[in-house]
Amino acid sequence: MSRDEVKYSARTSWVAFFTLPLVVFGERAAYTANRAVARDMVATLGDSVRVAVAQAAYAQFAGMFLAALATLVFGPHLVLGGALVMVVAGSGWLMSDPSVWPLWFVMVGHGMSLVAVLAAMGASGSGGVPGLRYAMVFGLYAMSNLAYMVVPLIPAAYPWAGLALCAVGLLLLPIPLLTWWFSKKQPRPPDEGATFRVAGAALLLFVLLLSAKAVWALLDPIRVPADPTSTMGLVHQVANPVTVITVTLLTIPVLLVLQFLKQPARVGVLSGAGALLMSTAAVLTWSMGPDTPAIVMLVIVAIGEVFIYPWAYARMVSDAHWRFTGFLALCAMLPRLLVTDPQVLTAVGAAMVLALLAIPIGALGWFADEWIFGDELGPEPNRHGRRR
């Protein structure tokens, strides 16, 4: 290998795969706990803080845009480290002083981390490692759902819950520096022009994610069980998150095997199938009304979303220049915050869009890695890493 040749190693992606999803779990657990504090503030202080708590969503938006801008200069890993510092410090501040200013501060940190962690995954999983790239983002999706499901189970009267979450946050702080160091030591030069191709595909995927979020309005009537205290009510409540976590954890080993065998991971084909599943289940729920088998539909939708979201997230941030991963991650995260209360007519239209997108999304997933994004499998030096 010549002195000017850049050698790429998959070690960076392996380190990110084993560490960044843990960051997601800790940060989303803190987010869930902090939202509970905000709800308690409204219940305790009433109208005097209701508007201020509602405005915390704007603080989260501000954090997301701030992370995208900061990534241009510092890169996603260091921005993620700064975001985690804000989350840990803000959570401690909010725990000791449940008021508006610490809530806004910590929500800025949550918004920053939401974008930065996905951008860091994109920067760490670009090129040559499709199995690892997708496994990493599937891990993100599993860990976020696990945090949303587990943290509310902690009794409200448990005195050490807040301190425990802050301690977990402190343990996770070195991870962004670790992934930054590996990405600096063994960088992978991106395929020239890949950033523009990724950005072009991101526009289509943005529409996909907007539609997937809007479709949930058709499922609202079946999301809450009639009797949450009964056995079937409990099954009803956990059907979606448990299915998401189970399917995700079953998919990750398959992706790792494909990586070991240096075979392409055609996850985008599953994303097209997921779009069909989600749109079909939503329309059936809307049309069947009270006769809908709620648990069955929630399971089908969970499978659909597992196929849609991780692939779309991974494809929107991978293979682009690391300076632009923050803006691409911002595009990936915005739909979940932009679509808050869609009307039924909008949701029906979104279901139709999902169904129409199924074929082009599947086709994009089949050809994307080699044709659009220029991937070549394997960790050895390739044409992107040779300088003449």
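1. In this predicted model, Asp319 and Arg315 form a salt bridge, with the closest N and O atoms 2.6 Å apart. Asp319 also pairs with Arg133, where the closest N and O atoms lie 3.0 Å apart, and this second pair links distant parts of the chain, since Arg133 belongs to helix 6 while Asp319 sits in the loop between helix 13 and helix 14, 186 residues apart.

2. Asp319 follows helix 13 and has a positive phi, near 75 degrees. Helix 13 itself, residues 294–317, spans 34 Å from its first C-alpha to its last, which is close to the 34 Å expected; 19 of its 24 residues are buried, so the helix is largely enclosed by the rest of the structure.

3. The whole structure holds four salt bridges, and one of them joins the side chains of Glu27 and Arg28 at 2.7 Å, N to O; both Glu27 and Arg28 are buried.

4. Turning to helix packing, helix 4 (residues 76–96) and helix 5 (residues 100–124) meet at an angle of about 155 degrees, with their axes 7 Å apart, and they are therefore roughly antiparallel to each other. The crossing is left-handed, and the contact between helix 4 and helix 5 has 21 nonpolar, seven polar and no charged residues.

Note on methods
Residues are numbered from 1 along each chain as its sequence is written. This is a predicted model: local features need pLDDT of at least 70, side-chain atom pairs count only at pLDDT 80 or more; totals for chains, interfaces and linings use all residues. Side-chain values use heavy atoms; hydrogens and water are left out. Axes are lines fitted to C-alpha atoms, for helices over the stretch in contact, and angles run from 0 to 180 degrees between N-to-C directions. Helices (H or I, at least four residues) and strands (E, at least two) are DSSP runs, numbered from the N terminus. Angles under 35 degrees count as roughly parallel, over 145 as roughly antiparallel, 65 to 115 as roughly perpendicular and the rest as oblique. A crossing is left-handed if the near helix is turned anticlockwise from the far one by less than a right angle, and right-handed if clockwise. Ala, Val, Leu, Ile, Met, Phe, Trp, Tyr, Cys and Pro count as nonpolar, Asp, Glu, Lys and Arg as charged, and the others, Gly among them, as polar. The expected span of a helix is 1.5 Å times one less than its number of residues. Buried means under 20% relative accessible area, exposed over 50%, partly exposed in between (1.4 Å probe, protein chains only).
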